[in-house]
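The structure is shown first.

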Amino acid sequence: MQIFQRFFLRDLKKCRKRCILSNCMTATVSGSYACIFRYFIKKDVEMKFQVGYQNNRKFLNYLLEHGEMVSELYFPWGAFTTGRGVNAEQQQLEDDLALFAGKKFKFCLLLNGNCYGKEALSKAFFERLGSAAGEIRERFGLASVTTASPVIAGFLKKNFPALHIRASVNMEIGTPEGVEYLADEFDSFYLKREYNYDRARIVRMREVCRKLGKKLYILANSGCLNFCSARTFHDNLVAHQHEIAQMDNAVTFHGVCTKFLSAGTNKENLLAKSNFIRPEDVPHYDELCDGMKLATRTNFNPMAVAFAYFNGRFHGNVLDLTEPAHSALFPGQIIANKMIPADYITHRFECDKICEKCGYCKEIQKNATVIL
């Protein structure tokens with residue numbers, strides 16, 4: 001019980017009045033609830049975040065209250081597939097965009113699906129795309145578009161020159177050559193997530209981007225395993241999931257990460273195979289990139305994610321912050337963020353990246369694991 005008290009675990013009924021986020025910020029832990037209180041957290045964040053839209057009222061209200069932390073609100077549109085499939089709540093999305101537009105938020109349209117099938121180069125597709133971009137711009141204002149298609153990027157560059165066109169993290173661009181090849185189509189680039197802890201590479205990428213007049217962004221809380229062999233396959237499945245759902249399917253694919261982490265002792269070394277950046281470590285990136293993206297479109301508690309990164313502190317289970325979140329694969333235990341040492345980021349930045357010969361991350365995870 002002492003360890004719970006240390007991490008501010010309280011019964012929900014006792015803390016509801018004091019918890020600034022009510023039960024939306026809590027996570028069930030063996031009948032208790034983990035709460036984060038404003039007076040425990042010192043806000044020390046300069047980074048601005050691109051935050052993903054999710055139809056969660058408390059989450060959206062929190063964003064409205066803390067608009068100074070949000071550089072852009074990104075969202076899908078209509079039947080255009082994205083890295084999370086197709087949006088199924090179009091009218092609610094439009095109502096919410098109107099609300100956020102009234103508060104002067106900037107918007108980013110997601111067109112980051114990995115595959116558009118037979119329509120990928122069709123006239124009909126680009127007519128619909130141009131019509132959608134024009135409608136969004138007129139109704140709500142549109143600052144940028146994130147896409148994984150260089151063809152879409154080129155089309156928008158030509159027809160909507162005022163838009164900022166950003167290369168999706170799904171393009172896995174992590175070298176100067178990757179930036180140079182597409183410098184005509186894109187204004188900015190998301191870094192390949194596996195290089196989030198490769199400081200030398202980030203510095204090199206930043207310098208190349210600045211030389212070319214481009215910007216560099218980082219995805220902060222991806223739950224994808226590093227160098228996943230099935231990522232392209234999985235991204236293609238997601239792009240077609242609305243079609244797949246209509247079929248009489250023979251198999252179900254849950255992702256390589258789920259299978260891998262569920263086998264044997266693989267989960268004991270998750271940190272070494274992860275690329276998410278802890279909220280406390282964001283200040284180390286202030287001079288390395290132009291902004292960070294928070295994956296919040298499908299996270300089960302997007303408010304917890306936004307609160308943690310906006311304030312630069314998190315006292316809960318780090319597995320709850322990522323998208324996808326892997327907490328369900330660790331029944332009866334958590335990886336307590338506050339038990340990860342402050343110099344974790346320094347070690348990850350400076351290590352030689354030969355993980356099979358190093359046990360640092362595994363030891364850190366072991367020491368931060370709390371059995372419930």
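The points below are grouped by topic.

This is a predicted model, in which local features need pLDDT of at least 70 and side-chain atom pairs count only at pLDDT 80 or more, while totals for chains, interfaces and linings use all residues. Residues are numbered from 1 along each chain as its sequence is written, and side-chain values use heavy atoms, with hydrogens and water left out. Helices (H or I, at least four residues) and strands (E, at least two) are DSSP runs, numbered from the N terminus.

**Second largest pocket**

- The second largest pocket has a volume of about 540 Å³; a pocket is an open set of points on a 1 Å grid over the protein atoms alone, where a 1.4 Å probe fits, with protein on both sides within 12 Å along at least five of seven lines.
- Volume is the space filled by probe spheres set on the points, which are joined across faces, edges and corners.
- Its lining has 28 residues, of which N226, F227, A272, K273 and C355 are the closest to the centre; lining residues have an atom within 4 Å of a point.
- At least two lining residues each come from α11 (256-262), α13 (344-350) and α14 (360-368), and α14 gives the largest share, 3 residues.
- By class, the lining has 14 nonpolar, 7 polar and 7 charged residues (nonpolar: Ala, Val, Leu, Ile, Met, Phe, Trp, Tyr, Cys and Pro; charged: Asp, Glu, Lys and Arg; polar: the others, Gly among them).

**Helix packing**

- Helix α3 (residues 57-65) packs on helix α12 (residues 302-311) at about 25°, with the axes 8 Å apart; axes are lines fitted to C-alpha atoms over the stretch in contact, and angles run from 0 to 180 degrees between N-to-C directions.
- α3 and α12 are therefore roughly parallel (under 35 degrees; over 145 is roughly antiparallel, 65 to 115 roughly perpendicular and the rest oblique).
- Contact (heavy atoms within 4.5 Å) involves K58, F59, Y62 and L63 of α3 and P302, M303, A306, F307, F310 and N311 of α12.
- The contact of α3 with α12 has 8 nonpolar, 1 polar and 1 charged residues.
- Helix α5 (residues 123-139) and helix α6 (residues 150-159) pack at about 55°, their axes 11 Å apart, which makes α5 oblique to α6.

**Backbone details**

- Most residues other than glycine have a negative phi, and most peptide bonds are trans.
- F227, in the loop between β10 (215-219) and α9 (231-239), has a positive phi, near 50°.
- K353, in the loop between α13 and α14, has a positive phi, near 65°.
- The peptide bond from E323 to P324 is cis, with omega near 0°.
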